[in-house]
Amino acid sequence: MRFIEQVVIVTGAARGIGAAIATRFATEGASVVIADLDGAGAEAMARRLTPAGGSALAVAANITEAPDRERLVETTIRAFGRIDVLVNNAGIMQRMALQDVTYEVWHRTMQVNLDAAFFCSQAVLSVMRERGKGRIVNISSMSARTGGQASPPHYATSKAGLVGMTKALARTVGEWGVTVNAVTPGIIDTDMIADWPPEWRERWLAEIPLHRFGTADDVAAAVAFLASDDASYITGTTLDVNGGYFMI
Ligand code: NAD
């Protein structure tokens, strides 16, 4: 129970990796705020979590919209009075051929995966700075390291930007007692990869040294570590959770 009395915001937590992260924090005693575009999904998740440990609150929010981000922070402070951890998890991947990538697709991907993570961080940092402590964990992707095997260039670029932003923020806010780290998941079995053809799945299963896809819980465990006191001297780093698929 590493997060008793702590308050954790997880974006994109209505399903998938975000839901597993929210569950992990709740079972370790945190009060969790589930922020998602899918308001009904966020509500359902909050109801599931409440008996798991600490309390959970759903906030329907589009994290690319400034008023929604402000409301997310205000609602969290009103409900729980503090913010200890922000997990920038919400992300999108629109797979398509290079020549089909429009400016709108490129820009939307950057807005959700990169811009919103920066501005959500900015929104919570004033609260964390006042308390002299905080943790930000960004969910990037193995594609940031490899250029992406199955993920398209706009997605891999946004996730590489997130790794750079993690380092830049870590340098800036270290003196405020805030750490900023990234997790780079490999292939994790969620809705995001549900449409991948079986032949891709078979090839990758053969290539991954641990011969299985990751689970959302594998990622959640890494996030919880980086948000915990055990990681108090770790900042600006990127933690690979990929079954050994990509090694530096
Ligand atoms: P998912 O598509 O299952 O869930 C994403 C969640 O984010 C959804 O609930 C969605 O409603 C929410 N969301 C999307 N846009 C939003 C917005 N503008 N505002 C608020 N919420 C929004 O995805 P997942 O597989 O759980 O992935 C979670 C994160 O992990 C993403 O950042 C993704 O890029 C990253 N990731 C996933 C994999 C994988 O293999 N699944 C691998 C590496 C990285």
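This is a predicted model: local features need pLDDT of at least 70, side-chain atom pairs count only at pLDDT 80 or more; totals for chains, interfaces and linings use all residues.
A residue is taken to be near a molecule if one of its heavy atoms lies within 4 Å of it.

View 1. Residues are numbered from 1 along each chain as its sequence is written, and side-chain values use heavy atoms, with hydrogens and water left out. The ligand is surrounded by 28 residues, and the closest of these are Arg15, Asp36, Asn89, Tyr155 and Thr190. Sorted by class, this shell holds 15 nonpolar, 9 polar and 4 charged residues (Ala, Val, Leu, Ile, Met, Phe, Trp, Tyr, Cys and Pro count as nonpolar, Asp, Glu, Lys and Arg as charged, and the others, Gly among them, as polar).

View 2. Contacts here are pairs of N or O atoms within 3.5 Å. A polar side-chain atom of Asp36 is placed 2.6 Å from an oxygen atom of the ligand. Backbone atoms also take part: a polar one of Ile63 lies 3.1 Å from a nitrogen atom of the ligand, and a polar one of Ala61 lies 3.5 Å from a nitrogen atom of the ligand. Taken alone, the ligand exposes 830 Å², of which the protein buries 95% (accessible areas come from the Shrake-Rupley method with a 1.4 Å probe).

**View 3. The largest pocket, where the ligand sits.** The ligand takes up the space of the largest pocket, a molecule being assigned to a pocket if more than half of its atoms lie within 2 Å of the pocket's grid points. On a 1 Å grid over the protein atoms alone, a pocket is an open set of points with protein on both sides within 12 Å along at least five of seven lines, while a cavity is a set where a 1.4 Å probe fits but cannot get out; lining residues have an atom within 4 Å of a point. This pocket has a volume of about 880 Å³, the volume being the space filled by probe spheres set on the points. Its lining comprises 45 residues, with Asn89, Ala90, Gly91, Ile92 and Met192 nearest its centre. Helix α1 gives the most to this lining, with 3 residues (helices are DSSP runs of H or I with at least four residues).

**View 4. The largest cavity.** Across the whole structure, a search finds 3 cavities of 30 Å³ or more. The largest has a volume of about 60 Å³, and its lining is made of Gln6, Asp84, Val85, Lys133, Gly134, Arg135, Ala227 and Asp229. That lining divides into 2 nonpolar, 2 polar and 4 charged residues.

**View 5. The second largest cavity.** This cavity contains about 40 Å³ of space, and the residues that line it include Thr11, Ile63, Asn88, Asn89 and Leu162. Helix α4 (residues 103-131) supplies the largest share of its lining, 3 residues. By class, the lining has 6 nonpolar residues, 4 polar and no charged.

Conventions
A polar contact is a pair of N or O atoms within 3.5 Å; within protein, one must be able to donate a hydrogen and the other to accept it, and residues adjacent in sequence count only if both atoms are side-chain atoms. Helices (H or I, at least four residues) and strands (E, at least two) are DSSP runs, numbered from the N terminus.
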